[in-house]
Amino acid sequence: MFDFSIVTNWVHSTLTSVMPEGWAVFIECVVIAVWIITLYALLAIALIYMERKVCGFFQCRLGPNRVGKWGCFQVFADVLKMLTKEIFNPKNADQFLYNLAPFLVIIASFLTFSCLPINKGASILDFNVGVFFLLAASSIGVLGILLAGWGSNNKYSLIGAMRSGAQIVSYELSAGLSIMTAVVLTGTMSFSGIIEYQADGWLIFKGHIPAIIAFLTYLVAGNAECNRGPFDLPEAESELTAGYHTEYSGMHFGFFYLAEYLNMFIIAAVAATIFLGGWMPLHIGGLDGFNAVMDFIPGFVWYFAKAFFVVFLLMWIKWTFPRLRIDQLLSFEWKYLMPLCMANLLLMTLMVVFGLHF
Amino acid sequence: MEITIQTVVFLFLALFITLTSVLTVTTQRIVRSATYLLFTLFATAGIYFLLGYTFLGSVQMIVYAGGIMVLYVFSILLTSGRSDNVERIKNSRMFAVLAAVLGGAAILLFIYSKYQFLQVGDNKVTEVTIQSLGTNLMSSNKYGYLLPFEAISVFLLACIVGGIVIAQKEEDKK
């Protein structure tokens with residue numbers, strides 16, 4: 001496996017040889033920030049194009065096909081349109097909160113995004129408590145949504161924001177508990193540690209029954225947390241026009257839109273990292289030749305392949321199931337999903353104690 | 001004193017905390033006040049991260065920013081109308097506030113001048129491992145936190161039971 005930390009160490013030593021360490025760290029931070037923003041934007045464009053095409057095929061349509069071959073420049077055209085649109089402020093609204101809300105949502109998304117390890121040695125934030133930090137950072141976004149609903153001075157926005165708040169706060173518990181199930185098995189909370197643990201088999205195989213249940217509950221809870229799929233009632237078009245981002249236009253709306261897609265990618269990438277091994281290639285114990293061949297495929301290819309596979313699963317769910325009602329949504333979480341997650345956590349703990357995993 | 005990147009970040013965070021704390025209490029609208037309080041809590045989490053206490057920083061973010069602030073904003077949205085602004089403070093109360101502030105500042109300055117700050121040998125930031133945190137939280141030896149942990153559990157249970165009792169609709173009341 002190619003270790004990306006060779007590159008970062010070389011850059012760091014070269015920079016420190018010509019300037020004091022503080023400046024070197026500062027320059028590295030700026031470079032990393034630019035890199036995160038670029039990757040974020042590129043991924044968003046890829047995801048929006050993918051969503052349109054997948055949605056089109058699920059509904060027996062062609063999807064975008066006019067701008068460029070297979071419509072592949074459609075999203076670029078949309079981005080240009082969005083950038084040139086006027087940003088207006090609704091009357092009698094709290095301007096400060098109205099303008100702040102999209103930034104809170106996008107900052108939460110950036111913070112979560114920077115926790116993801118893309119390749120061996122290429123993780124931007126790798127704390128001891130990485131998984132916990134990820135949950136903490138993703139919980140900021142709900143405040144942005146609540147403030148957007150409040151700041152818009154619009155009853156549809158407010159109802160959408162309240163629904164979204166209730167939904168995200170409840171489903172965060174299930175998402176956290178399913179991740180905890182994986183943490184119990186791996187015994188570490190840092191992403192690099194979790195991936196190292198999966199060197200001889202992905203967690204979904206090593207943890208078998210509880211790991212599969214945790215993977216599925218995490219996907220459901222994650223899907224609800226990014227307001228997508230059958231759980232998109234905060235922006236239910238038929239009832240609330242567009243929910244909490246009704247009053248937003250131009251790039252402010254663009255931030256919500258970007259954050260929605262990237263949050264879906266983050267959910268998929270976290271599921272891929274924790275349950276499907278992240279950048280770790282498919283290794284089967286005993287087959288050394290097979291493992292050696294698999295090692296030739298670079299880590300980031302594995303990573304993005306797995307993440308986009310899970311993204312496809314999420315889109316499949318979104319375009320297959322109809323939207324739930326808010327009471328169904330909340331009773332599903334509190335009466336079924338969360339007890340299931342707790343029982344599953346207990347099952348995993350028992351399995352680890354008695355050594356029943358691979 | 002040599003200016004390192006840590007000092008710059010610390011000064012920035014400290015200024016930010018001061019500014020947002022003042023704004024929290026001086027702003028006229030209650031939702032804005034909650035937002036400034038959120039920024040204060042974030043910057044505090046930033047100081048924890050600067051010190052290498054990543055666990056404490058994450059807890060600060062998930063509990064205060066993700067939990068308590070959402071609760072505040074939610075209850076503000078549910079209870080208050082749009083024109084529900086803070087009332088003006090009367091002049092007589094203003095005097096009491098001023099006295100409290102000056103008294104607090106005096107106590108703080110006194111403690112600050114008397115207290116012997118420990119000189120840390122190197123500014124190397126070390127992360128505490130999650131394993132040691134977990135064992136200390138659940139152990140009853142010298143650095144163990146089992147008793148406060150259990151006390152808080154009982155306290156939270158009492159809160160939950162109380163919440164249910166208050167929220168429960170009274171059935172068949174004759």
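**A tour of chain A**

Helices here are DSSP runs of H or I, at least four residues long, strands are runs of E of at least two, and both are numbered from the N terminus. The radius of gyration is 21 Å, close to the 21 Å that the globule rule gives for 358 residues, so chain A is as compact as a globular protein of that length. That radius is taken over C-alpha atoms, and the rule is 2.2 Å times the number of residues to the power 0.38.

This is a predicted model: local features need pLDDT of at least 70, side-chain atom pairs count only at pLDDT 80 or more, and totals for chains, interfaces and linings use all residues. Residues are numbered from 1 along each chain as its sequence is written, while chains are lettered from A and ligands numbered from 1 in the order in which they are written.

Next, select helix 10 (residues 208-225) and helix 12 (residues 250-275) of chain A. Their axes come within 10 Å and cross at roughly 165°. Axes are lines fitted to C-alpha atoms over the stretch in contact, with angles from 0 to 180 degrees between N-to-C directions. The crossing makes helix 10 of chain A roughly antiparallel to helix 12 of chain A (an angle over 145 degrees).

Now show side chains. On helix 10 of chain A, pick among others Phe215(A), Tyr218(A) and Leu219(A). They belong to the set that meets Ile267(A), Ala271(A) and Phe275(A) in helix 12 of chain A (contact: C-beta atoms, placed from the backbone, within 7 Å).

Definitions and conventions
Angles under 35 degrees count as roughly parallel, over 145 as roughly antiparallel, 65 to 115 as roughly perpendicular and the rest as oblique. Two residues are in contact if their C-beta atoms, placed from the backbone, lie within 7 Å.
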